[in-house]
Amino acid sequence: GTIAIVLGTRPEMIKLAPIAGRLGDRARILHTGQHFDDALSSSILSEVSLTEVAALGMVGGRSRGVQIGAALCALDENFAANRPAMVMVQGDTNAALAGALAANARGIPLVHVEAGLRSNDRAMPEEHNRILIDHISDLLCAPTAGNIANLRAEGIASQRIRLTGNTIVEAVWQHLPSAGRRDEILGAHSVKPDAYVLATLHRPENTDDPAALRTIVTELSDIASNSLPVLLSIHPRTRAALVANGLLESLEPVSQLPPLPYGEFLALARHAAVIVSDSGGVQEEVTVLKRPLVVVRRSTERPESLRHFAALVTPGPALGDAVRRTIASAPDLANARCPYGEHATARIVEAVNELLARTAAA
Ligand code: UDP
């Protein structure tokens, strides 16, 4: 039977591509268009080899309710016309919630990849998305034992849960450029290993709060002027907020980059003295790349990363302090353990096949 893989954003493409690759002809990729920007969508799709993708329409940039509702309608029609044996969604986006609801409405078995993450921060729409998806999923692929404990605490039956690890580990190893190519990439950005800061920011708690955005700009510019060069990959949402708040000029000491191809971003992350980010995926990637990270957030659904690799700070002077402290201490993380396993793709596909066999027998 076909497995409909519903996705809409860059991190979903990156983390679902290894699974789609292993499923081969059985996978049907449905793109809701939540990330509509070319640098966040089509270029990443081709980079991670997701080529046969059916686009459901452009719902990016609209209100959360419209994104979920429009994608749900389009998916419902798609599933009615061509019913898949199973639907797979990943993570906590509006696209993932729409996919989960569409599967549920048609009584199609649902798999949630990256199940059981919890920030316990009810102000984040992602927290609501992941809770809703987990509770209606038939198979929950949990990256870590901590994620399983979160699901069990909410009363989700252990028969529905599998410990799989996270496919991000395989994605990093597949896309990290060779050492020689990394030298070229660093050279093109005029930086040297361990002597620059890499930053990415796009969460609404940072971009939509002008005071938060202003202090982040101040702190990053201060580091770039007085400490080490700062390379900032600027997400379209962040760019719009910087422009709207007249902050581009204050950001002048920082190297302002467009969203980078995945391989290029990984190469820069691999050799950064410290990374500054509010991204979910980056919190996982640093545990594979063994680099220190300053997470600019109120809360995180990935406490595993905090253990060795990351520090959580809210936007403010604490940000600059944390970055300078990390640069000064230059932690050696080479032997710190990655909490996300090694064979997530194989484990997930095995669990999917089991569920398909059980559904067919029933
Ligand atoms: N990323 C990228 N290019 C960039 C910045 C990030 O390819 O310029 C990758 C990053 O390595 C990670 C993913 O995009 O795998 C994270 O996406 P994003 O921060 O948009 O979403 P989140 O992970 O926070 O859901």
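Strand S4 (residues 86-90) and strand S5 (residues 110-113) run parallel and are joined by 4 bridges, and within this pair Val-87 stands opposite Leu-110 of S5. Strands here are DSSP runs of E with at least two residues, helices are runs of H or I with at least four, and both are numbered from the N terminus. This is a predicted model, in which local features need pLDDT of at least 70 and side-chain atom pairs count only at pLDDT 80 or more, while totals for chains, interfaces and linings use all residues. Residues are numbered from 1 along each chain as its sequence is written.

S4 and S5 belong to an open sheet of 7 strands, ordered S3-S2-S1-S4-S5-S6-S7 with parallel pairing, where two strands pair if DSSP finds at least two bridges between them. Because strand S3 (53-55) and strand S7 (161-163) each have a single partner strand, they stand at the edges, with one side of each left without a neighbour in the sheet. Neighbouring strands of this sheet are turned by 25° against each other on average, direction ignored; axes are lines fitted to C-alpha atoms, for helices over the stretch in contact, and angles run from 0 to 180 degrees between N-to-C directions. Helix H4 (residues 94-106) packs on the sheet, where it touches strand S1 (3-7), S4 and S5, and its direction makes about 160° with that of S4; contact requires that the C-beta atoms of two residues, placed from the backbone, lie within 7 Å.

A further open sheet has 6 strands in the order S10-S9-S8-S11-S12-S13, again with parallel pairing. Its edges are strand S10 (255-257) and strand S13 (310-313), each of which has a single partner strand, so one side of each lacks a neighbour in the sheet. The twist averages 20° from one strand to the next. Strand S11 (residues 274-277) is joined to the parallel strand S12 (residues 293-296) by 3 bridges, with Leu-293 of S12 as the bridge partner of Ile-275. Helix H13 (residues 280-289) packs on this sheet, touching S8, S11, S12 and S13, and its direction makes about 165° with that of S12.

H13 also gives the most to the shell around the ligand, with 4 residues. Of the 15 residues around the ligand, those that come nearest are Ser-233, Phe-265, Ser-279, Gly-280 and Gly-281, a residue being near if its C-beta atom, placed from the backbone, lies within 6 Å. The shell draws at least three residues from each of domain 1 (3-166 + 341-361) and domain 2 (173-329), bounds that come from an automatic or database domain assignment.
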